[in-house]
Amino acid sequence: MGGSLFERLGGKDAITAVIDDFVGRCAADARINGKFARTDVPRLKAHLVDQVCAATGGPCTYSGRDMRTTHDGMSVTGGEFDALVANLVATLDQFGVPEAEKGELLGALAPMRGDIVEVESSETGTPLPETYRNAPPLAGVAG
C-alpha cells in the first residue's frame with residue numbers, strides 16, 4: 001500500500017482518535033497514571049497528535065519540548081515505559097491498525113526510550129517526584 005504512514009493510518013482525524021483513546025487508557029492505568037498527576041491533558045493530547053502526525057510524514061509541526069527535557073526528573077522506569085507502549089499497542093489493536101503500520105509506528109517511537117527512561121527497573125506505579133517541573137504555561141494563555 002502506497003503513501004506515507006500518516007496517510008495509511010488515516011490522517012489527522014484518525015491519529016486524533018487514537019491519541020484520545022491512548023491518553024484515556026494511560027490516565028486509567030495505575031501502573032503509570034501517577035506520572036501524569038500534574039499534566040495538562042488537553043495540551044498533552046495536542047502535542048502527541050502533532051508529534052505522531054509529524055513522525056509519520058504528516059503536515060504537522062511538533063512544537064513541544066524535546067523528549068529528554070520533557071521527562072527530565074520524572075524518574076520514569078523501564079517498566080512504566082513498557083506499560084505505556086502496551087497501552088498504545090492495545091489502542092492500535094482496538095482501532096484495527098494493521099501489523100505493518102503498527103510496527104512502523106512503534107519503530108518510529110522506540111528510539112525515544114533513551115530520552116524518557118531514567119530508572120532501569122521493571123517497577124511501575126512510582127510517583128511523580130515533587131521536584132519535577134512541568135512545561136511553563138504557553139504564552140498568552142491564562143493558567
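Modeller: A residue counts as buried when its relative accessible area is under 20% and as exposed when that value is over 50%, with partly exposed in between. The model discussed here is predicted.

Biologist: Is C26 buried or exposed?
Modeller: The cut-off for a buried residue is a relative accessible area under 20%. C26 has a relative accessibility of 2%, so C26 counts as buried.

Biologist: Which residue forms a disulfide with C53?
Modeller: A disulfide is a covalent bond between the sulfur atoms of two cysteines. The count for this protein comes to 1 disulfide. The sulfur atoms of the pair are 2.0 Å apart, and the partner of C53 is C60.

Biologist: How many helices does the protein have?
Modeller: From the N terminus on, the elements run α-α-α-α-α-α-α. The protein has 0 strands, and the number of helices is 7.

Biologist: What is the radius of gyration of the protein?
Modeller: Taken along the principal axes, the C-alpha atoms fill a box of roughly 45 × 40 × 25 Å. For 143 residues the globule rule gives 15 Å, and the protein is close to that value, so it is as compact as a globular protein of that length. The radius of gyration itself is 15 Å.

Biologist: What percentage of the contacts with a separation of 6 or more comes from residues 24 or more positions apart?
Modeller: A contact here means heavy atoms within 4.5 Å. Among the contacts with a separation of 6 or more, residues 24 or more positions apart account for 81%.

Biologist: What percentage of the residues in the protein is buried?
Modeller: The protein exposes about 7800 Å², of which carbon and sulfur atoms supply 57%. Of its 143 residues, the buried ones make up 37%.

Biologist: How far apart do the centres of the positive and negative side chains lie?
Modeller: The protein has 13 positive side chains and 20 negative ones. The distance between the centres of these two sets is 4 Å.

Biologist: In which helix does N87 lie, and is N87 buried or exposed?
Modeller: Leaving aside neighbours within four places in sequence, N87 is in contact with F22, R25, C26, D29, R31 and I32. The helix that holds N87 is α5. With a relative accessibility of 8%, N87 counts as buried.

Biologist: What is the phi of S75?
Modeller: Most residues other than glycine have a negative phi. S75 lies in the loop between α4 (67–71) and α5 (78–94), and S75 is partly exposed, with a relative accessible area of 27%. Although S75 is not a glycine, its phi is positive, at about 55°.

Biologist: Which residues does Y62 touch, not counting those up to four places away in sequence?
Modeller: Y62 lies in the loop between α3 (41–55) and α4. Its relative accessible area is 25%, so Y62 is partly exposed. With residues up to four places away in sequence not counted, Y62 touches H47, D50, Q51, A54 and M67.

Biologist: How far apart in space are S4 and T131, C-alpha to C-alpha?
Modeller: S4 lies in the segment before α1 (5–9). Not counting residues up to four places away in sequence, S4 touches T56 and G57. S4 and T131 are 127 residues apart in sequence, and from C-alpha to C-alpha their distance in space is 40 Å.

Biologist: Which residues does A135 touch, not counting those up to four places away in sequence?
Modeller: A135 is placed in the segment after α7 (113–116). Its relative accessible area of 25% makes A135 partly exposed. Not counting residues up to four places away in sequence, A135 touches R43 and R65.

Biologist: Is A100 buried or exposed?
Modeller: A100 lies in helix α6, which covers residues 99–109. The cut-off for an exposed residue is over 50%. At 55% relative accessibility, A100 counts as exposed.

Definitions and conventions. Residues are numbered from 1 along each chain as its sequence is written. This is a predicted model: local features need pLDDT of at least 70, side-chain atom pairs count only at pLDDT 80 or more; totals for chains, interfaces and linings use all residues. Side-chain values use heavy atoms; hydrogens and water are left out. Helices (H or I, at least four residues) and strands (E, at least two) are DSSP runs, numbered from the N terminus. The radius of gyration is taken over C-alpha atoms; the globule rule is 2.2 Å times the number of residues to the power 0.38. Buried means under 20% relative accessible area, exposed over 50%, partly exposed in between (1.4 Å probe, protein chains only). Accessible areas come from the Shrake-Rupley method with a 1.4 Å probe; for residues, only the protein chains shown count as cover. Lys and Arg count as positive and Asp and Glu as negative; His and the chain ends are not counted. The place of a charge is taken as NZ of Lys, CZ of Arg, CG of Asp or CD of Glu. A disulfide is a pair of cysteine sulfur atoms within 2.5 Å.
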